[in-house]
Amino acid sequence: QVQLVESGGGLVQPGGSLRLSCAVSGFRLDYYAIGWFRQVPGKEREGVSCINNSDGSTYYADSVKGRFTISGDNAENVVYLQMNSLKPEETAIYYCAAVAVSGITSRQAMLVPDEFDYWGQGTQVTVSA
């Protein structure tokens, strides 16, 4: 059964760092892309980063480039999101999601929530002093 479980969220001060983990089961990670998304109340879900585990290519929202790093461990079926220099406005619930590589329509789809088929329950990240 397909399952994605996020972990690693918590409270961090502005400028601090946090590493999120997405543990996947029920499918072969190397045939899937895994994306990280975030959402705050009253706003649309926003694509943050994505990794194509078939070829290792990565994608980032402009707002997080240079600060966030996505990586995958295909052997352990885990995808990480290292978040540095966190800002208060990045407080949100962070979700990981999966889509088969064969289902990717274009590079521009890699950060689009509707393109992803499987979702975790999310982990809360709070950036506050």
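A: A nonpolar core is a set of buried Ala, Val, Leu, Ile, Met, Phe, Trp, Tyr and Cys residues joined through side-chain atoms within 4.5 Å. Buried means under 20% relative accessible area, exposed means over 50%, and partly exposed is in between (1.4 Å probe, protein chains only). The model is predicted: local features need pLDDT of at least 70, side-chain atom pairs count only at pLDDT 80 or more, and totals for chains, interfaces and linings use all residues. Residues are numbered from 1 along each chain as its sequence is written, and side-chain values use heavy atoms, leaving out hydrogens and water.

The largest nonpolar core has 28 residues. Its members I34, W36, L81, M83 and Y94 touch the most other members. Strand β9 gives the most, with five residues. A second, separate core has eight residues, including C50, Y59, M110 and F116.

Now the rings. Rings of Phe, Tyr and Trp (its six-membered ring) pair if their centres lie within 6.5 Å; planes under 30 degrees apart count as stacked, over 60 as edge-to-face and the rest as tilted. By this rule there are five aromatic pairs. One joins F37 and W119: the centres are 4.9 Å apart and the planes at 50°, so this pair is tilted. It links distant parts of the chain, with F37 in strand β4 and W119 in strand β10 (residues 118–119), 82 residues apart. F37 is buried, at 0% relative accessibility. W119 is partly exposed, at 25%.

W119 also pairs with Y95. This pair is edge-to-face, 6.4 Å centre to centre with 80° between the planes. Y95 lies in strand β9 and W119 in strand β10, so the pair ties together parts 24 residues apart in sequence. Y95 is buried, with a relative accessible area of 12%. F37, Y95, F116 and W119 form one aromatic cluster.

A charge joins the picture. It sits over a ring if NZ of Lys or CZ of Arg is within 6 Å of the ring centre and within 35 degrees of the ring normal. The charged end of R45 sits over the ring of Y95, 4.0 Å from its centre. The charged end of R45 also sits over the ring of W119, 4.8 Å from that centre.

Key: Helices (H or I, at least four residues) and strands (E, at least two) are DSSP runs, numbered from the N terminus.
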